[in-house]
Amino acid sequence: MADNKIRVRFAPSPTGPLHIGGVRTALYNYLFARKQGGKMIFRIEDTDSTRFVPGAEEYIIESFKWLGIEFDEGVGIGGDKGPYRQSERREIYKQYVEQLLQNGAAYYAFDTPDELNAKRQEVANFQYDASTRTQMRNSLTLPEDEVKRLLETEPYVVRFKINAGEEVHVKDIIRGDVVVNSSVLDDKVLYKSADQLPTYHLANIVDDHLMEISHVIRGEEWLPSAPLHVLLYRAFGWQDTMPAFAHLPLLLKPDGKGKLSKRDGDKLGFPVFPLQWTDPQTGNISSGYRESGYLKEAVINFLALLGWNPGTEQEILSLDELTNQFDLAKCSKSGAKFDYMKGWWFNREYLLLRSDDELAPDFLKILEANGVHTTADKAAQVIGMMKQKVVEYVDGQSGQTRKRNISFLADLWPLCDFFFCAPQDYDRADKFIVKNWKENTAAEMQALACQLEGVESWTVEDMKAAIDPWVAESGIRPWNAWRICLVGKGQGPDMYELAAFLGKQETLERMAHAVKTLA
């Protein structure tokens, strides 16, 4: 690492859609680098060609573009440490494989899959290590001429030679000093002749070294591989450039029992991917945060506080505020429950922070998808009247219908179709209508209509000025019945605001229709 500069990396594999846990890892790398004035590198780890999924790399790149997480170097950006796609670095890795072989830190192994399976059946909990390698077909047990012949005629792998009985210390910013005895580690495969590519373990170390990565910030699931990586750095003689490690807490299921999975999202009704993903093989579609109506700022804020907090009561934090306050040492060691309902809350808070005019273009798309064509100004008015309402939803855990505050623009449509579509029929069994439409209600609505006919300037203020005194004098309480006329049921905004939105003619026509239909 040059001049002790902060350099972090996010290095996904293009094996499918980006999990929300991966997004959080990238976010923490981003916040750490930005606060320290460092750089963030985007690397694609595609050495396992058997797991490559078409479109996955493009999906990952598009996800970060939407979220606003920017990289300084890497795939699609460039930089002087490239190539940044591992499949384009074959020749680089070969020289480091050779270096390990020459200094005795690695060896060739020729065991076939059948031979390995047979050994696993013979030895309980078998692992290829210091105690078993002498029983296998490798360059440590075979004559030199036989090794040369096999290298020319048979597929092989290169394994890392780990000495038993050594304490390996992993210094972790979050977890402190993690100590592992090398006897529990197996001689990992570092290189495969079949595709002439390294495995993750070798490529990861070589790339981190050559790209001068100062800090490796990754998920807890990678902690078991950290001792191996420490030993690899030593084998290369790179101890002085070894990055600092920080292993982030797992994202847990909402009930805290196990690692968060796509199945949890499908069951409970929330996305686990940033964008919608279509499986290229099955055609199955998985929901995404963007398409589900989440605002990117809400997603960033929500994820940032899953496993880390600034030590204050503040919950709504902009990206700049998160950057200024971020501290890896304040990350939790234990897993973070994925409270998807809290995600709803964050989205609502950010929805309320945006002006109605800012939200209008996206709401127009929702209206058009439902056959309504109107203006941005009208869309903004509806948002302003309805965004403080509540919506019903089906609880994924209990299956019961519950209510929550509006958290997404899409929540608005089922609650506001009456703004654009006049009620034609009325459910006479509806409790609200039964309670509020009596024998004399039609006459009261006709009397209200007469009062409204005399309102010349059709504004909220002028309607109130005309109707409120009439209500006080007549003793008629028209509000719920008037709501039935204009909405068709017991929901909606303030009646004066609704009437002003509809206009005088539409308001009076709806009242006349209700009187005729419900008479």
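How many nonpolar, polar and charged residues are in the lining of the second largest cavity? I opened my notebook with that. The lining divides into 5 nonpolar, 2 polar and 3 charged residues. I am working with a predicted model.

**Entry 1: the second largest cavity**

I looked up the residues behind that count. Arg9, Asn204, Ile205, Asp208 and Val216 belong to the lining, together with Arg218, His229, Tyr233, Pro243 and Phe245. The volume of this cavity is about 30 Å³. Next I asked which elements give two or more residues to the lining of the second largest cavity. I found helix H6 (200-210), E10 and helix H7 (226-236). H6 gives the most, with 3 residues.

**Entry 2: the largest cavity**

I searched the whole structure for cavities of 30 Å³ or more and noted 2. The largest one holds about 40 Å³ of space. I listed its lining. Lys262, Gly265 and Asp266 are there, and so are Phe270, Pro271, Val272, Phe273, Ser286 and Ser287. Which helix gives the most to this lining? I noted helix H8 (residues 262-268), with 3 residues. By class, I recorded 4 nonpolar, 3 polar and 2 charged residues.

**Entry 3: the largest pocket**

I turned to pockets. The largest pocket has a volume of about 1,200 Å³. I noted 41 residues in its lining. Which of them lie nearest its centre? They are Ala11, Pro12, Ser13, Thr15 and Trp222. Strand E1 (7-10), helix H1 (20-36) and strand E10 (215-219) are the elements that give two or more residues to this lining. H1 has the largest share, 5 residues. I sorted the lining by class as well: 17 nonpolar, 13 polar and 11 charged.

Helix H4 (113-122), strand E5 (157-160) and strand E8 (189-192) each give two or more residues to the lining. The largest share, 3 residues, comes from H4. I recorded the classes: 11 nonpolar, 2 polar and 7 charged.

**Entry 4: a sheet**

In what order do its 4 strands run? I wrote down E4-E5-E8-E9. The sheet is open, and the pairing is antiparallel. I also noted how such pairing works in general. Strands of a sheet pair through backbone hydrogen bonds, either parallel or antiparallel.

Which strands are at the edges? They are strand E4 (106-109) and strand E9 (197-198), each pairing on one side only. I then looked at one pair. E4 and E5 are joined in the antiparallel sense over 4 bridges. Tyrosine 107 has arginine 159 of E5 as its bridge partner.

**Entry 5: H12 and H13**

I moved on to helix packing. Two packed helices are described by the angle between their axes and the distance between the axes. I took helix H12 (residues 356-369) and helix H13 (residues 376-386) as a pair. Their axes come within 8 Å and cross at roughly 105°. An angle of 65 to 115 degrees counts as roughly perpendicular, so H12 is roughly perpendicular to H13.

Which residues make the contact? From H12 I listed Asp356, Asp357, Leu359, Ala360, Phe363, Leu364 and Leu367. From H13 I listed Ala376, Ala379, Ala380, Val382, Ile383 and Gly384. By class, this contact has 10 nonpolar, 1 polar and 2 charged residues.

**Entry 6: H3 and H7**

I checked one more pair. Helix H3 (residues 90-102) packs against H7 at an angle of about 80°, with the axes 10 Å apart. H3 and H7 are therefore roughly perpendicular to each other. Tyr96, Gln99 and Leu100 of H3 make the contact with Leu232, Ala235 and Phe236 of H7. How do these residues divide by class? I noted 5 nonpolar, 1 polar and no charged.

Definitions and conventions:
Residues are numbered from 1 along each chain as its sequence is written. This is a predicted model: local features need pLDDT of at least 70, side-chain atom pairs count only at pLDDT 80 or more; totals for chains, interfaces and linings use all residues. Side-chain values use heavy atoms; hydrogens and water are left out. On a 1 Å grid over the protein atoms alone, a cavity is a set of points where a 1.4 Å probe fits but cannot get out, and a pocket is an open set with protein on both sides within 12 Å along at least five of seven lines; lining residues have an atom within 4 Å of a point. Grid points are joined across faces, edges and corners, and a volume is the space filled by probe spheres set on the points. Ala, Val, Leu, Ile, Met, Phe, Trp, Tyr, Cys and Pro count as nonpolar, Asp, Glu, Lys and Arg as charged, and the others, Gly among them, as polar. Axes are lines fitted to C-alpha atoms, for helices over the stretch in contact, and angles run from 0 to 180 degrees between N-to-C directions. Angles under 35 degrees count as roughly parallel, over 145 as roughly antiparallel, 65 to 115 as roughly perpendicular and the rest as oblique. Contact means heavy atoms within 4.5 Å. Two strands pair if DSSP finds at least two bridges between them.
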